[in-house]
Each structure stands twice: as C-alpha cells, then as structure tokens.
Amino acid sequence: MTAKPYRPTVADVMTEDVLTVPEQTPFKDIVAAFADRAVSGAPVLDDAGHVVGIVTEADLLRKEEHKDAPEERHRLFEHRRDRLARQKARGDTAAELMTTPAVTVAPDTVIPAAARLMAEYGVKRLPVVDEAGRLVGIVSRADLLKMFLTPDERIRRKVIDEVVVKTLWEDPRKVAVDVRDGVVTLEGRIELKSLIPFAERLTLSVDGVVDVVSKLAYEHDDSVPAQDPLALQPIWRHR
C-alpha cells in the first residue's frame, strides 16, 4: 500500500498576516488596533519576536468590568481567578493585560489536534509558532471550519483517488463513493475484511469529510487464520 492520504494541517488554514502587539503597547493603542483590523485578539511578542501571551477583548473589558468595584483591604476567600482578573483590570500595557502563557500550536499540527487543543483550553484562537517559538501565523475556530466547506464532488474525487485507488489498490468500479453534505457513503466489495475499518478511517481523514457510512463487503475474511493442511493430519505413534 502507498502512503496515507494527506491530512490538512494548521499551515493550510492559518492566517499569516497577523496583528501583533509588543509587551509595552498601551491599553488604548491595543483597542485602536483591534478596531482598525476588526479582530478580537492578538499575540503579544517580546523583543525577540517570541510569543509570550495573548491579549483579547475579554482581557480589555475587565478594566471596565472592575471600574466601579469596591476595593476591599482583605479578600481572604477570593478565588484565584477573580484575583487575577482584578490584577488585569489595573493593567495599562499588553504585558499586564495579556493571558500568559499563550497556548500555541505548530504549523504541521493536523486540524483535529488543533481543534482538541482549543476545546481543552477553552480558547478561540491559537498562535502558530515555529521550532524557535517565533510567530508564523494564527489559527481561529473559523479557520478550522473552512475545511468543511469543500464541495461534495471534490471530496468524492479525493476519496476515490487517494483512498480507493492509491491506498487500497482497489478498482474504483468496485467501490461506489457517494457524498451528500460532506457525509461519505462507501458501498461495494473489497479484497480483505481487515481493510474495511482502515478504509473508513482513511476516508474520515480526507479534507472536508463530516462522517462516513460504510456499506462495504469483502471477498476474504483474513481475521480467521488459515489452517495448515499438515496440522489436520492425524498423528500416528510408532510402537
């Protein structure tokens, strides 16, 4: 079998023209930059160009949220999260307002892994960094969803070419591939039973596939070990 079909990565969907702010950027300049670029967040960079945090509209709004909050001298039972929010509300620069450390991702990270990372940390965007930690792009939830906009016919062609022909080495006339709204249905007969779950996984990895419905049958059940004819011969004891 040939190599597995190419799986889309963060590099395929990320935005390379990224708004960034230095650590010393004042509050009002950050607000103005967000408005000018119509964005809701930006990576914060140190003098060497490394990502040290990310500042978002939510971080900036804490200043307004805590503006009229009474200052108490003793906050014995204050939650750590609330204490950090209060500290951010008093911040005046990106370094003081940002969330740190930033959750980052490498350009070669596959789309599902990036989506899981966003869900795990509850973030809407991930700065994309190279091996040296320098910013090369940014990827948002909307960027990750772009792959599901692939037309059905293009998905069908990719499944036939990359999965059925190049990977499974099957005759495309033996396997029917139907795609409706990103859901791929596979129907037909392939050589080995063990290849059916393999075909399903490969199809699901194709760019734009939402789900896979398998109606595949098989010619040979290779899950049952073949019997050795000699093992069936009776064993005679010589007296």
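Colleague: Is Asp178 buried, exposed or partly exposed?

Modeller: Asp178 is partly exposed, with a relative accessible area of 33%. Buried means under 20% relative accessible area, exposed over 50%, and partly exposed in between (1.4 Å probe, protein chains only). This is a predicted model, in which local features need pLDDT of at least 70 and side-chain atom pairs count only at pLDDT 80 or more, while totals for chains, interfaces and linings use all residues. Residues are numbered from 1 along each chain as its sequence is written, and side-chain values use heavy atoms, with hydrogens and water left out.

Colleague: What does Asp178 form a salt bridge with?

Modeller: Arg180, with the closest N and O atoms 3.6 Å apart. A salt bridge here is a side-chain nitrogen of Lys or Arg within 4 Å of a carboxyl oxygen of Asp or Glu. Arg180 counts as exposed, at 57% relative accessibility.

Colleague: How many salt bridges does the structure hold?

Modeller: Eleven. Another one of them joins the side chains of Arg189 and Glu219, at 3.4 Å from N to O. Arg189 lies in strand S7 and Glu219 in strand S8, so this pair ties together parts that are 30 residues apart in sequence. Strands (E, at least two residues) and helices (H or I, at least four) are DSSP runs, numbered from the N terminus.

Colleague: And which residue pairs with Lys193 in a salt bridge?

Modeller: Asp221, with the closest N and O atoms 4.0 Å apart. Lys193 is in the loop between S7 and H9 and Asp221 in the segment after S8, so the pair links parts that are 28 residues apart in sequence. Lys193 counts as partly exposed at 33% relative accessibility.

Colleague: Changing topic. How many cavities of 30 Å³ or more does a search of the whole structure find?

Modeller: One. The volume of the largest cavity is about 40 Å³. A cavity is a set of points, on a 1 Å grid over the protein atoms alone, where a 1.4 Å probe fits but cannot get out, and lining residues have an atom within 4 Å of a point. Grid points are joined across faces, edges and corners, and the volume is the space filled by probe spheres set on the points.

Colleague: What lines the largest cavity?

Modeller: Val163, Val164, Leu168, Val175, Leu186, Ile190, Ala199 and Leu216. Helix H8 (152–165) and strand S7 (183–192) are the elements that give two or more residues to this lining.

Colleague: Now the backbone. Where is the cis peptide bond?

Modeller: A cis bond joins Thr100 and Pro101, with omega at about -5 degrees. Pro101 sits in the loop between helix H5 (94–97) and helix H6 (111–121).

Colleague: What about phi at Ala38?

Modeller: Positive, about 55 degrees, although Ala38 is not a glycine. Ala38 is in the loop between helix H2 (27–37) and strand S2 (41–45), and is exposed with a relative accessible area of 70%. Asp181 also has a positive phi of about 55 degrees and is not a glycine. Its place is the loop between strand S6 (175–180) and S7.

Colleague: Last one: is Val10 buried or exposed?

Modeller: Val10 counts as buried, at 0% relative accessibility. The residue is found in helix H1 (residues 10–13). Val10 and Leu126 are 116 residues apart in sequence and 9.7 Å apart in space, C-alpha to C-alpha.

Technical notes. On a 1 Å grid over the protein atoms alone, a cavity is a set of points where a 1.4 Å probe fits but cannot get out, and a pocket is an open set with protein on both sides within 12 Å along at least five of seven lines; lining residues have an atom within 4 Å of a point.
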